[in-house]
Amino acid sequence: MSQQSLAYDDVEAELRALAVTARPVIQANPQLADVVIRRLKRRRRFRIGTVGVVGGVGVAVAVAAAVLPGQGDHYAVIEPSAAMEPTVAVSESVVFSRSLEPGVQEVVIAHAVDGATHF
């Protein structure tokens, strides 16, 4: 056990001697703290600006989605009644495409017009 403690003491003494020897060699920029603070502030401004731009784009997309419903090639209809059960449940959303031709056993939406009355 005494050999182990001597070995640790020797290593500690050697590390302390190396630290004392290396101390005058180590030099840092006197304005290092200022440089680091400036970089952190620049990063924070960039992050805040990025969040603002992404948030603005998100709001623009939400407004466009609210203002232009049914203008695209696809649109959704929420089933209001049990008329289509069991194929489509009440309150289920069904997405339709204007560009596709209907096929056998596919759900389609039809707008019947009798004069000026839409059904």
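Student: Which runs count as helices and strands here?

Tutor: Helices and strands are DSSP runs, numbered from the N terminus. A helix is a run of H or I with at least four residues, and a strand is a run of E with at least two.

Student: In this predicted model, what pattern does the chain follow along the sequence?

Tutor: The model is predicted, and its chain has two helices and four strands. Read along the sequence, these elements follow the pattern α-α-β-β-β-β.

Student: Where is Glu79 placed?

Tutor: Strand β1 covers 74-78 and strand β2 covers 93-97. The place of Glu79 is in the loop between β1 and β2.

Student: Is Glu79 buried or exposed?

Tutor: Glu79 touches Met84, Val88, Ala89, Val90, Ser91 and Glu92, leaving aside residues up to four places away in sequence. Its relative accessibility is 14%. Buried means under 20%, so Glu79 counts as buried.

Student: What percentage of the chain do buried residues make up?

Tutor: The chain has 119 residues. Of these, the buried share is 4%.

Student: Is Leu15 buried or exposed?

Tutor: Leu15 lies in helix α1, which spans residues 2-22. Its relative accessibility is 54%. The cut-off for exposed is over 50%, so Leu15 counts as exposed.

Student: What accessible area do Val11, Leu15 and Leu18 have together?

Tutor: Val11, Leu15 and Leu18 form a nonpolar patch on the surface. Together, their accessible area is about 290 Å².

Student: What percentage of the accessible surface of the chain belongs to carbon and sulfur atoms?

Tutor: The accessible surface of the chain comes to about 10800 Å². The part that belongs to carbon and sulfur atoms is 62%.

Note on methods: Residues numbered from 1 in each chain as written. Predicted model: local features only at pLDDT ≥ 70, side-chain atom pairs only at ≥ 80, totals over all residues. Heavy atoms only, no water. Patch = residues over 30% accessible without salt bridge, like charges linked within 9 Å, V, L, I, M, F, W, Y side chains within 5 Å. Areas by Shrake-Rupley, 256 points an atom, 1.4 Å probe, with all protein chains shown as cover. Salt bridge = Lys/Arg side-chain N within 4 Å of Asp/Glu carboxyl O. Buried < 20%, exposed > 50% of the residue type's maximum accessible area, 1.4 Å probe, protein only. Contact = heavy atoms within 4.5 Å.
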